[in-house]
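This briefing covers selected local features of one protein model. Please look at the sequence and structure first, then read the points below.

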Amino acid sequence: MTSSVKMMFLSMLMKSLGHCLHLLMSMQNFMDRKISFIEIIIKVLMTIDSIPLGDVPWQNFAVKFCGDKPDVDIPPWMNGSYDVWFRDPREVVHNMLVNPMYADEMDYQPYCEYASATDECQWKDFMSADWAWDQADEISNDPDMVGATFVPVILGSDKTTVLVGMGNNEYYPLYLSIGNDPKFRKFRRQLFHSSLSKILQPLKPGMMKPKVAHFGDSHFHRVVYGLRPYITDYEEQVLLGCIVKHWCARCLASRLNLDDDALDRCCEYVDALVEEGTLLEIWDDYGIVGDIVPFTNDFPHTDINRLIAPDLLHQLIKGAFKDHLVDWVEKYLIVAVASFTGFKQWTGDDSKALMKVYLPAIEGHLPQDIVCAFCALLEFCYLVRCNIITEKTLTEIQDHSLKHYIQLIRLFGAPNGLCSSITESKHIKAVKEPWRCSSCFNALGQMLRTNQWLDKLAALHVDFTRRNMLSGTCLSAVFLFKQKHPNDTRDVSEVSEFHFPHYNGGISVFNSASSRFYSPSDLSGIGGMHTEYICACPQWRNGHARNDCMFISTKPELKGMQGFDIACVLCFFSFTFQGMTYPCAVIWWFNTVGDSPDEDTGMWIVRPAYRANHSPHMSIIHIDSIYHAAHLIPVYGAQFVSHDLKYYQSYDSFRAYYVNKYADHHAFEIAF
């Protein structure tokens with residue numbers, strides 16, 4: 001990555017980081033050390049790379065044409081190789097499920113919703129619609145599926161252009177919630193479907209048998225995946241549905257009269273037509289491209305013809321309103337008023353803004369029938385864009401006679417949640433901005449790396465929020481206040497945040513600290529002093545994390561455990577504030593159970609401490625208050641320990657622990 005690209009990425013990064021950026025670096029501190037701006041960027045990016053959260057690596061595969069080639073003048077596309085980059089969709093889905101921000105928004109089963117005032121059925125979210133019920137009924141026929149949580153995987157794709165006039169650089173992102181030559185057209189279509197099938201293969205085992213997934217509510221659930229629905233515009237619907245352009249993607253109505261009532265498309269009917277007729281016949285008579293195998297054929301309980309969701313942006317706002325009615329008015333005004341020159345090109349947001357003011361603007365200048373046509377369409381647009389659609393709303397929608405919307409609302413819920421404007425808005429963050437931050441030469445790899453960085457930061461922000469690290473008063477400010485005012489007896493919550501010291505510098509992180517203490521039973525040291533190392537290492541010997549526990553001196557005037565508390569060290573660090581260096585530790589406190597040791601074992605019992613909001617009780621302490629390493633043994637109880645439990649998981653797997661005073665004679669002299 002070039003220096004200019006890194007600088008551009010940093011400007012984009014700073015818009016996204018918020019609180020996280022302050023935790024990662026301090027610009028002033030680096031400047032004080034006379035480190036260059038490029039070195040700052042490199043250090044930031046290396047820090048982001050080290051974030052273990054939200055890391056779903058990019059994978060790729062290459063595809064090429066394998067059919068018959070002409071002996072001479074072979075088209076370049078036949079010899080070309082095409083790279084497809086993707087992330088494991090199963091890992092992406094798991095990251096969504098485990099996100100604690102979604103914990104209270106998750107629907108674990110289909111449901112019916114009724115208006116409290118009128119007691120009429122209403123549709124809003126996807127799981128309140130008929131398709132979720134139908135799918136649940138279908139998969140529950142398998143006894144192994146009973147009791148599993150159904151997880152519908154909603155897909156969306158849309159081609160986007162990042163540079164016009166200098167090569168037309170186009171990208172084809174697939175989002176998950178996830179030429180004129182006939183041979184080339186077929187190859188391009190099949191390439192799209194084959195790529196989708198390959199990308200989605202990791203989800204297939206979970207469509208046939210339940211898999212265990214971790215959710216944001218901290219519980220594990222058995223889940224079953226299913227593909228439904230697909231968010232895209234009409235051009236993509238033609239490609240997905242393997243149909244001929246100008247035909248309906250949902251039904252078999254003729255392209256000459258799309259208002260006719262007709263059977264819905266389904267894979268069984270299409271397969272029968274392909275088997276009985278010729279490719280040309282089903283192309284002309286039914287609008288079916290019969291020599292393309294849709295990607296849904298590789299997955300259970302999935303029919304490409306029933307995946308197609310309504311698209312408010314392209315069908316109504318850009319389609320019926322802009323491309324039809326507005327163009328109709330332009331042509332009328334150009335004929336009627338010679339000085340009228342028409343409108344310039346506008347975006348989807350421009351079309352939405354124009355809808356709000358267009359009707360009063362044309363009233364009085366156009367025949368009444370045209371004004372009424374606009375009024376009817378605008379009413380329909382706003383009816384189907386409601387977040388909640390009731391039976392009464394469906395009746396009003398039916399009066400406008402636009403095809404399929406009643407059926408699709410009942411199947412998928414309110415169309416507002418499945419609009420292609422969702423995928424189009426993703427283009428900015430996922431494609432266009434990363435493109436601008438790249439060198440614009442072989443940009444794809446740079447764009448993927450930028451997306452991975454931003455995903456890691458987003459996951460880190462969620463994790464910090466879950467741990468309440470971004471709300472309230474910063475731990476370091478509390479620590480500095482106590483260091484500067486050791487005789488202040490007020491509770492921290494009673495102190496105004498304006499009285500807390502503000503520190504914006506950098507910190508130095510260490511993996512261990514040494515503790516030196518007097519040990520009268522071990523006189524091998526000088527004057528009976530003994531030194532040991534306490535570790536807080538994210539990777540101990542390139543393996544698991546190691547976070548030792550410690551005796552913290554909290555009441556030095558008392559003897560034994562009465563004068564100590566137990567804590568687990570999460571991190572050692574130091575910083576300099578107003579000319580003074582503070583060596584510190586981030587710790588997770590343990591609460592002592594009872595006022596005396598356990599009668600049977602003679603050892604004190606402790607358990608992890610939590611605050612009132614159920615977040616871990618963590619603090620920053622000066623390392624001078626650390627006295628000695630502590631060895632905790634789980635209170636196993638009457639049950640046997642699983643053979644799968646690793647020793648480095650013990651501090652996370654039990655509710656209470658013995659403070660082992662028999663670990664060595666040093667501990668024996670402390671933990672009494």
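The model is predicted, so local features need pLDDT of at least 70 and side-chain atom pairs count only at pLDDT 80 or more, while totals for chains, interfaces and linings use all residues. Residues are numbered from 1 along each chain as its sequence is written, and side-chain values use heavy atoms, with hydrogens and water left out.

**Nonpolar cores**

- The largest nonpolar core has 32 residues, and F321, Y358, F374 and I397 touch the most other members; a nonpolar core is a set of buried Ala, Val, Leu, Ile, Met, Phe, Trp, Tyr and Cys residues joined through side-chain atoms within 4.5 Å.
- Buried means under 20% relative accessible area, exposed over 50%, and partly exposed in between, with a 1.4 Å probe and protein chains only.
- Two or more residues of this core come from each of β4 (121–123), α13 (312–336), α14 (348–362), α15 (368–384), α16 (391–398) and α17 (405–412); helices (H or I, at least four residues) and strands (E, at least two) are DSSP runs, numbered from the N terminus.
- Helix α15 gives the largest share of this core, nine residues.
- Beyond four places in sequence, I397 touches F380, L383, V384, Y405, I406 and I409, where contact means heavy atoms within 4.5 Å.
- Another core, of 22 residues, lies apart from this one and has V153, L196, L203 and L239 among its members.

- In α16, the buried residues are T393, L394 and I397.
- These residues of α16 fall within an arc of 100° seen down the axis, so they line one face of the helix; the arc is that of the directions from the helix axis to the C-beta atoms.
- The cover over the buried residues of α16 includes β4, α15, β11 (389–390) and α17.
- Helix α6 (residues 89–98) has P89, V93, H94 and L97 as its buried residues.
- Their arc in α6 is 140°, so they too line one face of the helix.
- An α-helix has 3.6 residues a turn, so residues three or four places apart point the same way.

**Aromatic rings**

- The whole structure holds 14 aromatic pairs; rings of Phe, Tyr and Trp (its six-membered ring) pair if their centres lie within 6.5 Å, with planes under 30 degrees apart counted as stacked, over 60 as edge-to-face and the rest as tilted.
- One of them is F590 with Y657, whose ring centres are 6.1 Å apart and whose planes are at 70°, so this pair is edge-to-face.
- F590 is in strand β18 and Y657 in strand β23 (residues 657–659), 67 residues apart, and the pair links distant parts of the chain.
- F590 is buried, with a relative accessible area of 4%, and Y657 is buried at 0%.
- F551, F564 and Y627 are linked into a cluster by ring pairs.
- R546 lies over the face of W540, 4.4 Å from the ring centre; a charge sits over a ring if NZ of Lys or CZ of Arg is within 6 Å of the ring centre and within 35 degrees of the ring normal.

**Loop residues with polar contacts**

- D548 is in the loop between β15 (546–547) and β16 (549–553) and is buried, with a relative accessible area of 14%.
- A polar atom of the D548 side chain lies 2.8 Å from the backbone nitrogen of C535.
- Not counting residues up to four places away in sequence, D548 touches Y533, I534, C535, A567, C568 and V569.
- H544, in the loop between β14 (529–537) and β15, has a side-chain polar contact of 2.7 Å with Y647; a polar contact is a pair of N or O atoms within 3.5 Å, and within protein one must be able to donate a hydrogen and the other to accept it, while residues adjacent in sequence count only if both atoms are side-chain atoms.
- T302 is in the loop between α12 (279–286) and α13 and counts as buried at 11% relative accessibility.
- A polar atom of the T302 side chain lies 2.8 Å from the backbone oxygen of P300.
- T302 and G226 are 76 residues apart in sequence and 7.6 Å apart in space, C-alpha to C-alpha.

**Positive phi**

- H246, although not a glycine, has a positive phi of about 80°, and H246 is exposed at 53% relative accessible area.
- Q578 is not a glycine either and has a positive phi of about 55°; Q578 lies in the loop between β17 (564–577) and β18 (580–593) and is exposed at 64%.
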